[in-house]
Amino acid sequence: MKSDGFVLILCLCFIALVSSMALSALLIGLLSQKIGIAGQQQVQQQQWAKALHLQQQKPGVAPIQLSDMTTCPAQLAVWSEPATYCRWIELSSDHQQLNNWSSLMLSTELTLPQEAL
Amino acid sequence: MKKNQHFLHGRGLSLGLCMLGMTSLDTAALNTPFTGMDPSSWRLQVTGDYQVVSEDDLPLLFAGQAPLCQSARPDGRKLTWSDADNNLHHLQLSNEQGVLRWWSATLPQQQIWSEGSHVVTEFEQLSEQLAVIPQAVSPKKLQLVWHEPAAKRYSAVDLSDPLLPKALWQWQPQGAGTVQTPVAARFDTSAGATSMVLVVSGSDAAQPAFWLIDAVSGKQLATQQYHTSKKTVELPFVLQDLVAAPAVLDRNADGYADRIYLVDVQGRLVQVDVDAQLQFQSRVVADLSDVGAEFKVQLVASRAIMPNYQQLAVNVAIGENQQPVAAGAAGQPADVVLLVSRKNQQSQLWALTIPDSPAFTIQPHHLTVRDLQQDVVSPALSSTTVGWYGTLPAAPVALPAVLAGVLYLPIAAQGEHCAEARQATQLIARHLFQGAAVYSDTLLAALPKPFGLIGAVQRHSGELALQDLQSGSILLSPLQGIREDCLFCTEALHQNLYPKWQRMAIYQHESELY
């Protein structure tokens, strides 16, 4: 009788040990999967935020004007006369999220005289 | 002499203006006849001040002098500037044979007489014949430098009060030949930003050379002389006379010039880099001497982004030459230098694109010949081509101008000197990088003729147009500008296209949540 009780206790302990191991393995797997997904989600979020920012071609209501330029940098459509006026603008995407992108934009404006009436 | 008398007693002269950069409003104001006032003449005294010359002395001074134009030369300078009280002044300037003259709607013709015995000088075509010193600080002053061929010197004047010119300085180069049109520029030196005047040695000089002169004090700051007979490792070319007025470039867009382009009379184009210590590094980037032409016309230089021919070549290969590509096709930065030469009574136009690190000295056979006489189908230039050139159907009236990547040049001048004789009857309009025609022959043939100097203007409809600055009439509307997404594509320019936004850099913000 004593040996039967001892075997039963051993079996119960073994079952408890195996169960705890299986449970911990499951938890670890779930955790690692979550960690992996989190990384992917972060990359996707970054790409999405960047794509949104790149779609934003012009500054919003209140762009941050950094500085005016004395002369415009080289352009393909060259003006040999000083007919253009350039300035640096900082363009920031205003998303309430972790990944916030900004761009340094060059604004080129015309300074041509108006046609006489 | 009769002309002189009329010029000297210039009552009722009406001013025919066609200065570069003049608005039609300015034209109307300046065309107002003078009323009731005689021109004032000034003469430099040994004390360094100007003294009014009485009318009785004027005929003696002008005796033997070739007649001056009754109105300002169209290739002279017109400028609008504001004084310390923010009053706008419109002045039209002219330098003929060293006589500096200026006009406005409110004062009669004023002039500063050049000292020295009269000499017949070779007419310097198309350039402004004077330099306006750029001012960076207020109150603004109007300072001019002009060359006086008779006295073989450069003079500076303060015209902040057009009725009371103040002599600033005179400078005479040593070993120079003829004096040529000065060019004003601001350089960033180790001593700070300095306004300077750049002059070349001219014809029959002891050595080809150029000088940088302090625009405020008239002191020589730096000079560079070139060997006439000995080739060096640094400059393995022998240069001839430097007659054409040079061009300056600001490569890094900081507002200060850092590169100079010179051309000798035979067509050797010299690129001179200037550092903060005003030391020069010269190299010949183009040698056009094989064509046997004379290069005496002022250079025009601009900084440009070259088309990305490799990107464009893909589209040409797949038959999409005229179709825009998705990505921008802009390539590397380069200098674009425009030259006008003369050979056998014919003028040639040259458009050279010089990359930042040129691998070879440009020779005429590296360039593509374009037919500027008529609009023919132009094959695309290859990526190895560094420019194009062609023979003009007639002499140019003005220096070439580039508007939105299209080169414009009014040609077919009737004469060389005075405003009334310098009327263009034909307009050359070519793609800056390809040399291809931008407008149809029919459109160009329908231009109202004759016309003077041209400039871009914004119409009330929003279109950009090409205007005759003399009459104020519209020549071409809308203006075409080149596009970067295909070889020959152009677009009609409208104010809606501006401001243009160009993304230069993108970066990620660090968030506080991190």
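Let's start in chain B, where strand 27 (residues 454-458) and strand 28 are joined by five bridges and run antiparallel. Keep in mind that everything here comes from a predicted model.

**Around strand 28 of chain B**

One pair to look for is Gln458(B), whose bridge partner in strand 28 of chain B is Leu464(B). Strands 27 and 28 of chain B make a hairpin, with five residues between them. In that turn you'll find Gly462(B), which has a positive phi of about 100°.

On we go along the chain. Strand 28 of chain B is also joined to strand 29 (residues 474-476) of chain B, by two bridges and again in the antiparallel sense. Here Leu466(B) has Leu476(B) as its bridge partner in strand 29 of chain B. These two strands form a hairpin as well, with five residues between them, and Gly472(B) in the turn has a positive phi of about 85°.

Why is strand 28 of chain B largely enclosed by the rest of the structure? Strand 28 covers residues 464-468, and four of its five residues are buried, so the rest of the structure largely encloses it.

**A sheet of four strands in chain B**

Now for another part of chain B. Four strands make an open sheet in the order 11-12-13-14, with antiparallel pairing. Which strands sit at the edges? They are strand 11 (183-189) and strand 14 of chain B, each of which pairs on one side only. On average, neighbouring strands in this sheet are turned by 30° against each other, if you ignore direction.

As a bit of background, strands of a sheet pair through backbone hydrogen bonds, and they can do so in a parallel or an antiparallel way.

Inside the sheet, strand 12 (residues 192-200) of chain B is joined to strand 13 of chain B by five bridges, running antiparallel. Met196(B) stands opposite Asp214(B) in strand 13 of chain B. Strand 13 (residues 209-214) of chain B is in turn joined to strand 14 (residues 220-225) of chain B by five bridges, antiparallel too. There, Ala209(B) stands opposite Gln225(B) in strand 14 of chain B. Strands 13 and 14 of chain B form a hairpin with five residues between them.

Here are the hairpins side by side:

| Hairpin in chain B | Residues between the strands | Glycine in the turn | Phi |
|---|---|---|---|
| Strands 13 and 14 | five residues | Gly218(B) | about 80° |
| Strands 27 and 28 | five residues | Gly462(B) | about 100° |
| Strands 28 and 29 | five residues | Gly472(B) | about 85° |

**Chain B as a whole**

Zooming out, chain B has five helices and 32 strands. Of its 514 residues, 44% count as buried. Take the contacts in chain B with a separation of 6 or more: 58% of them are between residues 24 or more positions apart.

**Where chain A meets chain B**

How many residues does each chain bring to the contact? Chain A brings 34 residues and chain B brings 50 residues. On the side of chain A that touches chain B, 18 residues are nonpolar, twelve are polar and four are charged.

Strands pair across the two chains as well. Strand 3 (residues 100-110) of chain A and strand 32 (residues 500-509) of chain B pair antiparallel over nine bridges. Leu106(A), for instance, stands opposite Gln502(B) in strand 32 of chain B.

Chain A has an average pLDDT of 83, and 86% of the residues score at least 70. Within chain A, confidence is highest in helix 1 (residues 2-55), at a mean of 89, and lowest in strand 1 (residues 64-68), at 75.

Conventions:
Residues numbered from 1 in each chain as written. Chains lettered and ligands numbered in written order. Predicted model: local features only at pLDDT ≥ 70, side-chain atom pairs only at ≥ 80, totals over all residues. Contact = placed C-beta atoms within 7 Å. Nonpolar A, V, L, I, M, F, W, Y, C, P; charged D, E, K, R; others polar. Pairing = 2+ DSSP bridges. pLDDT = per-residue confidence, 0-100. Buried ≥ 20, exposed ≤ 12 C-beta atoms within 10 Å, placed from the backbone. Axes fitted to C-alpha atoms, helices over the stretch in contact; angles between N-to-C directions.
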